[in-house]
Amino acid sequence: MARKYFGTDGIRGRVGEFPITADFFLRLGWAAGTVLTRNAKGKKRVLIGKDTRVSGYMFESALEAGLIAAGVDVDMLGPMPTPAIAYLTRTFRAAAGIVISASHNPVEDNGIKFFAADGYKLPDEVELEIEALLDQTLTTNQSHELGKARRISDAAGRYVEFCKATLPSGFSLAGLKVVLDCANGATYDVAPKVFKELGATTITLGNQPNGFNINDNCGSTHTAALAAAVLEHQADLGIAFDGDGDRVLFIDNRGDLVDGDELLFIIAQYRHQSPSGCNGVAGTQMSNLGLEIALAEMGIPFVRTKVGDRYVVEAMKENHWHLGGEGSGHVLCSDLNTTGDGIVSALQVLRALAANGKSLHDAKRAMTKFPQLMINVRLKTKVDISGDAEINAAVDAAEKKLDGRGRVLLRPSGTEPLIRVMVEGEDGVLVKHLATEIAETVKRRLA
């Protein structure tokens, strides 16, 4: 059964355009509260956290009203990283956690994600239950059956301590100089505290959110300023988070980007060399072929899923693995948290570097990346490209030129009206030529 509102990562879109409106979020709060607390034992409690977008205030209030109308108690966390809400949902024994965020998208967008009581994102069947209830009339409980709301003042401190506890007792970052870019988003307060309390010397960018500057030429989607700061301050490395803190990318001491595939490799290699080992890694269709080859050389199994961290999590659960991720910076360590956690994943990379005594630049060189280029073609609206003969012909022609030594992948974004054109191969010049050629065909046909 097709989902009406939910995409690959919750519900997301342009603020003021349906369904990202105050009235829809009011009904969504009521519907989600009804479904997610149906089998709750004891108090019906749901947590709400958000990133730093100005529209978050409006949607927070609308969700709060809808949940209370359904008889659900609401704990308001304020601006907090998405993985913090997943963690706190479990520790508070809440029925669910709600995140108001559009992640790496610009401030004009917003959205919502849900976590079940176990801290994992909702399965499809639960999302369908919520959608079915959204088509019914909202009803308000009588006074003695309404929920209550409160603000949790120590949420940030709880999450900071959780992040530090994912490292061995006594582990220190003393002597490390790091530049942090918090994207003027949800990590702006907690990330600097974590790294400072672990002993690192920190220089922080993107930690002055004003409601409008989230992801604005900063964070994991715009790393130029971070790279410049690493070189200016002669730092050991830089760490970039996205707007809601579930993604992380690094910059090495030479100012070069280290993406999610390379970070995943560094963690996997470290775990492979440790007594507990690494029994497998889940990636996606977009994962670099170099990651797959490097893992195979160590004897570590690797599987690809559809793009989206929920599919990576499903593969990890199915195979009983603890590592997975995407090149975009979603790095999942399921033995530490139930969802992608930028801060925790960054600490795992630093733990690996400390154990191996290597710089980030040297550590990433143990994996040879294949040249890969992705071009985003923006469309007026989301469309199905699978049946377009001209586009399919362009893809077939590119695959013939790659002659089995590369890949072509076209996929629609799950959150924006984009077609992502990805070409990967041994020859970087050919990769660029083919990706540009296919993107121009898509643009001519659909844009």
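Predicted model: local features only at pLDDT ≥ 70, side-chain atom pairs only at ≥ 80, totals over all residues.
The largest pocket holds about 1,300 Å³ of space. Of the 47 residues that line this pocket, R247, S328, M374, R411 and R420 are the closest to its centre.

**Lining of the largest pocket**
- The strand β16 (372-378) is among the elements that each supply at least two residues of the lining, as are α10 (309-319) and β17 (406-412).
- With five residues, β16 makes the largest share of this lining.
- By class, the residues that line the largest pocket comprise 21 polar, 15 charged and 11 nonpolar.

- The largest cavity contains about 70 Å³ of space.
- Its lining is formed by F6, T8, D9, G10, K113, F114, K121, L122, E127 and R310.
- Five charged, three nonpolar and two polar residues make up the lining of the largest cavity.

**Nonpolar surface patch**
- V54, Y57 and F212 together make a nonpolar surface patch of about 340 Å².
- F212 lies in the loop that runs between β8 (201-205) and α7 (224-232).
- The relative accessible area of F212 is 53%, and F212 therefore counts as exposed, since the cut-off for that class is over 50%.

Technical notes
Residues numbered from 1 in each chain as written. Heavy atoms only, no water. Patch = residues over 30% accessible without salt bridge, like charges linked within 9 Å, V, L, I, M, F, W, Y side chains within 5 Å. Areas by Shrake-Rupley, 256 points an atom, 1.4 Å probe, with all protein chains shown as cover. Salt bridge = Lys/Arg side-chain N within 4 Å of Asp/Glu carboxyl O. Helix = DSSP H or I, 4+ residues; strand = E, 2+ residues; numbered from the N terminus. Buried < 20%, exposed > 50% of the residue type's maximum accessible area, 1.4 Å probe, protein only. 1 Å grid on protein atoms, 1.4 Å probe; cavity = no way out; pocket = protein on both sides within 12 Å on 5 of 7 lines; lining within 4 Å. Points joined across faces, edges and corners; volume = space filled by probe spheres on them. Nonpolar A, V, L, I, M, F, W, Y, C, P; charged D, E, K, R; others polar.
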